[in-house]
Amino acid sequence: MQKKSPPKTYFSWHIIAIFFACCNTTDKGERTNHDTATATPHGAESKHSDRPAHWEYSGDAGPDEWASLSPAYSACDGKSQSPINLISAGAGKGGSKLNFDYRSSSLKIAHHQHVDDIIDNGHTIQVTVEEGSTVTINGKIYQMKQFHFHSPSEHTVDGKHMPLEMHMVHQSDDGKLAVVALLFQEGPANKNLQQIIDHMPAKPGDSKHYTDVKLDLSVHVPPNLSAFHYSGSLTTPPCNEGVEWLVLRNKFYLSKEQSTAFASHMHKNNRPVQELNGRLVGTVKMN
Ligand SMILES: [Zn+2]
């Protein structure tokens, strides 16, 4: 039966006088995966009409071109895109409630190269998690599906990148997405990240399930949690908007060696920061 996460930890979301410019009501197709197959005689580019268009982090298929690569990626030119620059002194306050219930999961890891799907992000090291870990935002429950990494970070804080950003991607029963992001800076080694590094697939395209390796996901929710909260998008095509973003303000660390390990596997897989376009960023804090 359905496991209801026991309401454990409540946070309140303090708003300052700002307000969202209202944009996250347009869900441009929650499930656009593979719908280039059905789309239109639009592009001379669709050599592979049954597959999503190929995209990259630089060059002819780089971030500035994503929206033009396929009609399915048109949201990449939207007004509520991610990542963004976060201003530590500028985030407002609000009244939202959060509840995290993160559990442990076995390690099912993949080095994706070209998986262009709303849940399975391409170009990254990704861990698919077992069911049962949730975040609840204002009463709406989102199940964690996977987490993956970007090196360097995609979000910047006061204009600065960190060496690594981790995205925990959640989806609600009605298909809405929420991403909880952790920014790692150099410092002491991180145990969970080391487990991942120790089992990283040797080359792009490989994947493996280590049923005996357990990851404790609760370590990613510190007791004094504080987060930037805003409405954005997937940071990879199809760039769907209406995504709830929680970027933790707490400090997380990884060692220089760990940072190098991720960087050498992922080769700069960060989308540049996007315009805010009037959106407001708040802070959620634990009481
Ligand atoms: Zn991501």
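Here is a chat about how to read some features of this predicted model.

Student: Before we start, what should I keep in mind about the model and its numbering?

Tutor: Residues are numbered from 1 along each chain as its sequence is written, and side-chain values use heavy atoms, with hydrogens and water left out. This is a predicted model, where local features need pLDDT of at least 70 and side-chain atom pairs count only at pLDDT 80 or more, while totals for chains, interfaces and linings use all residues.

Student: Okay, the zinc ion. Which residues are its protein donors?

Tutor: Donors are N, O and S atoms within 2.8 Å of the metal (3.2 Å for Na, K and Ca), and water is not among the atoms, so sites may look incomplete. Here the protein donors are His148 (NE2), His150 (NE2) and His167 (ND1), lying 2.0 to 2.1 Å from the zinc ion. Along the sequence, the donor residues follow the spacing H-x1-H-x16-H.

Student: Are histidine 148 and histidine 150 buried or exposed?

Tutor: Buried means under 20% relative accessible area, exposed over 50%, and partly exposed in between (1.4 Å probe, protein chains only). Histidine 148 and histidine 150 are both buried.

Student: Now a helix. Which residues of α2 are buried?

Tutor: Helices (H or I, at least four residues) and strands (E, at least two) are DSSP runs, numbered from the N terminus. Helix α2 covers residues 191-198, and its buried residues are Asn192, Leu193, Ile196 and Ile197. Seen down the axis of α2, those residues fall within an arc of 140 degrees, so they line one face of the helix. That arc is taken from the directions from the helix axis to the C-beta atoms.

Student: Why do residues a few places apart point the same way?

Tutor: An α-helix has 3.6 residues a turn, so residues three or four places apart point the same way. In α2, the face turned away from the buried side carries the exposed residues Lys191 and Asp198.

Student: What happens at the start of α2?

Tutor: A side-chain oxygen of asparagine 190 reaches to within 3.0 Å of the backbone nitrogen of asparagine 192.

Student: And which side chain does serine 233 make a polar contact with?

Tutor: A polar contact is a pair of N or O atoms within 3.5 Å; within protein, one must be able to donate a hydrogen and the other to accept it, and residues adjacent in sequence count only if both atoms are side-chain atoms. Serine 233 sits in strand β13 and is buried, with a relative accessible area of 0%. Its side chain makes a polar contact with the side chain of glutamine 81 (3.4 Å).

Student: What about phi of cysteine 239?

Tutor: Phi there is near 60 degrees, a positive value in a residue other than glycine. Cysteine 239 is also in the loop between β13 and β14, and it is buried, with a relative accessible area of 0%. Asparagine 277 is not a glycine either, yet has a positive phi of about 50 degrees. Asparagine 277 belongs to the loop between α3 (256-266) and β16 (282-286), and is partly exposed at 37% relative accessible area.

Student: Last one: what is the volume of the second largest pocket?

Tutor: On a 1 Å grid over the protein atoms alone, a pocket is an open set of points where a 1.4 Å probe fits, with protein on both sides within 12 Å along at least five of seven lines; lining residues have an atom within 4 Å of a point. Grid points are joined across faces, edges and corners, and a volume is the space filled by probe spheres set on the points. The second largest pocket comes to about 250 Å³. It is lined by 13 residues, and the closest to its centre are Val157, Met162, Gln185, Arg249 and Lys251.

Student: How many of the lining residues are nonpolar, polar and charged?

Tutor: Ala, Val, Leu, Ile, Met, Phe, Trp, Tyr, Cys and Pro count as nonpolar, Asp, Glu, Lys and Arg as charged, and the others, Gly among them, as polar. The lining of this pocket divides into five nonpolar, four polar and four charged residues.
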